[in-house]
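Please look over the sequence and the structure shown below before reading on.

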Amino acid sequence: MTWAIPAAVQWRPVLLLAWLLWLSGCAVQPQTALMHDPALPSRTLLTDVPFHAQDDYQCGPAALAMLLNQRGIEITPEQLTERVWLPERRGSLQLEMVAAAREQGLLVYPLAPRAESLLLELQAGNPVLVMQNLGFNWWPQWHYAVAIGYDLPRQQIILHSGLEAERREPLRLFLRSWQRADNWARVLMPPEQLPANAEALPWLRAASDLELSGQPAAARSAYQRAIEQWPEQPAGWFGAANSAWQLGLQQAAIEAYLEALRQFPDLQQARHNLIAAFTAMGCPQQANLASQPDAVNLLQHIDLQACHTPYQPLLP
């Protein structure tokens with residue numbers, strides 16, 4: 001989420017992303033052993049994930065196409081190759097894979113490095129993009145696969161991988177190769193739908209990344225979903241207001257900034273942007289009222305038409 005302010009007011013933006021990084025500074029340690037949760041079904045297989053065979057060095061485009069297709073986005077591995085495949089590296093970087101998914105309006109949510117996190121997503125119907133190191137730490141062979149199921153009695157995970165659909169791989173071997181790739185796993189979510197493992201700060205960071213990727217409408221949906229799930233988190237309210245402004249929804253943005261202040265009176269970032277929004281719209285009287293401690297009460301009835309000027313985007 002950009003903590004930028006509307007144009008025409010030269011303030012330096014406060015970076016929400018840095019704040020969220022600080023709040024979420026406690027890393028979760030990777031897990032090497034699978035602990036079976038009795039609440040989980042013993043077997044799950046997602047049958048709605050299309051399979052695309054992965055050519056040499058091009059597992060990235062194929063894996064990403066499978067996930068996008070499952071979300072209803074019609075795209076082929078060939079169409080994604082130019083976007084995510086780097087010939088000089090003979091592969092696809094994680095950064096490129098994630099960016100390509102965001103360009104489709106999907107929120108890319110990182111999973112905690114635990115086997116249970118992966119299984120919970122599969123049980124909820126969310127296929128998981130995983131990275132494996134099929135070689136050694138000192139001689140890595142990176143590989144993308146799509147986890148689509150598991151079979152706990154047989155201790156197997158089920159993958160669309162390489163040239164094989166529904167490949168059954170021993171969980172023990174998979175966990176080792178996954179750990180050698182730093183337990184990297186992502187789910188691609190519609191921005192209005194939470195994953196099974198949803199936590200506030202990772203979701204808000206992912207929404208911020210979506211907004212920074214030029215997807216304000218999708219980001220706004222993600223922030224609104226965060227407000228519903230975690231109303232105690234000010235970043236959701238502030239992000240919803242900023243993304244509304246970026247979409248040119250001035251009335252909605254003003255109301256959202258006021259609601260953010262109503263919920264969190266000390267949220268100075270919302271006050272600053274509210275003042276900046278009124279200033280950019282040519283509303284000096286309202287901007288002055290917004291600077292007052294009781295701005296929420298003073299601005300209960302806003303006549304934006306009386307001082308309306310054309311929409312101005314946020315600063316980059």
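## The nonpolar core

The largest nonpolar core has 95 residues, and among them L64, L118, V128 and L274 touch the most other members. A nonpolar core here is a set of buried Ala, Val, Leu, Ile, Met, Phe, Trp, Tyr and Cys residues joined through side-chain atoms within 4.5 Å, where buried means under 20% relative accessible area, exposed means over 50%, and partly exposed lies in between (1.4 Å probe, protein chains only). Helix α2 (residues 59–70) gives the most to this core, with eight residues. Because domain 1 (43–189) and domain 2 (200–299) both give residues to this core, the core lies between them; the domain bounds come from an automatic or database domain assignment. In soluble globular proteins, nonpolar side chains tend to be buried together.

If neighbours within four places in sequence are left aside, L64 is in contact with L80, V84, M97, A100, A101 and L188, contact meaning heavy atoms within 4.5 Å.

## The model and the whole chain

This is a predicted model, in which local features need pLDDT of at least 70 and side-chain atom pairs count only at pLDDT 80 or more, whereas totals for chains, interfaces and linings use all residues. Residues are numbered from 1 along each chain as its sequence is written, and side-chain values use heavy atoms, with hydrogens and water left out.

The protein chain contains 13 helices and seven strands; helices (H or I, at least four residues) and strands (E, at least two) are DSSP runs, numbered from the N terminus. Of its 316 residues, 51% count as buried. The accessible surface of the protein chain comes to about 15,100 Å², and 52% of this belongs to carbon and sulfur atoms; such areas come from the Shrake-Rupley method with a 1.4 Å probe, and for residues only the protein chains shown count as cover. Among the contacts in the protein chain with a separation of 6 or more, 63% are accounted for by residues 24 or more positions apart.

On one hand, β5 pairs with strand β4 (residues 142–151) in the antiparallel sense over five bridges, two strands being counted as paired if DSSP finds at least two bridges between them. In this pairing G149 stands opposite I158 in β5, and in the hairpin of β4 and β5, with four residues between the strands, Q155 takes a positive phi near 55°. On the other hand, five bridges join β5 to strand β6 (residues 164–170), and these two strands also run antiparallel. I158 stands opposite R168 in β6, while the hairpin of β5 and β6 has two residues between the strands, with G162 in the turn at a positive phi of about 60°.

## Salt bridges

The structure holds 10 salt bridges, each defined as a side-chain nitrogen of Lys or Arg within 4 Å of a carboxyl oxygen of Asp or Glu. One of them joins R43 to D151, with the closest N and O atoms 3.2 Å apart. R43 lies in strand β1 (residues 43–45) and D151 in strand β4, so this pair ties together parts that are 108 residues apart in sequence. R43 counts as partly exposed, at 48% relative accessibility, whereas D151 is buried, with a relative accessible area of 3%.

D151 also meets R168 in a salt bridge (3.4 Å, N to O). Because D151 lies in strand β4 and R168 in strand β6, this pair ties together parts that are 17 residues apart in sequence. R168 is partly exposed, with a relative accessible area of 40%, and R43, D151, R154 and R168 are linked in a network of salt bridges.

A290 is found in helix α12 (residues 284–290) and counts as buried, at 0% relative accessibility. With neighbours within four places in sequence left aside, A290 is in contact with R271, L274, I275, F278, A295 and L299. The C-alpha atoms of A290 and R271 are separated by 6.7 Å, although these residues are 19 residues apart along the chain.
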